[in-house]
Amino acid sequence: MSRGNDAIPSWSGYNYQGKITLLATLIKINELLAKNKDLNQGMYIEIEKNEDFIIYEDDVAKSLYQ
């Protein structure tokens, strides 16, 4: 059975990807807080540019997710 032009599978993928991005970000924040590190040290998340998302620390890519 063909779904035709149904966007639900695509939307579901983006929804799942967003939740994984949020989870990975919260895990990284908790790791840094446990080590008493400053969260304002060039930390950021890049979403949907080259990969699904990339976590940068000190402006260097530390985690790359596809």
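T21 has a relative accessibility of 8% and therefore counts as buried, a class defined as under 20% relative accessible area, with exposed meaning over 50% and partly exposed in between (1.4 Å probe, protein chains only). The model is a predicted one, in which local features need pLDDT of at least 70 and side-chain atom pairs count only at pLDDT 80 or more, while totals for chains, interfaces and linings use all residues. Residues are numbered from 1 along each chain as its sequence is written, and side-chain values use heavy atoms, without hydrogens and water.

T21 lies in helix α1. Leaving aside residues up to four places away in sequence, T21 touches I45, I47 and F53, where contact means heavy atoms within 4.5 Å.

L26 also belongs to helix α1, which spans residues 8-34. This residue is classed as partly exposed because its relative accessibility is 43%. Together with L22, I29, L33 and L39, L26 makes a nonpolar surface patch of about 410 Å².

As for the chain as a whole, 1 helix and 3 strands are present, in the order α-β-β-β from the N terminus; helices (H or I, at least four residues) and strands (E, at least two) are DSSP runs. Of the 66 residues in the chain, 20% are buried. The chain exposes about 5,200 Å², with 53% supplied by carbon and sulfur atoms, by the Shrake-Rupley method with a 1.4 Å probe.

Notes. Patch = residues over 30% accessible without salt bridge, like charges linked within 9 Å, V, L, I, M, F, W, Y side chains within 5 Å. Salt bridge = Lys/Arg side-chain N within 4 Å of Asp/Glu carboxyl O.
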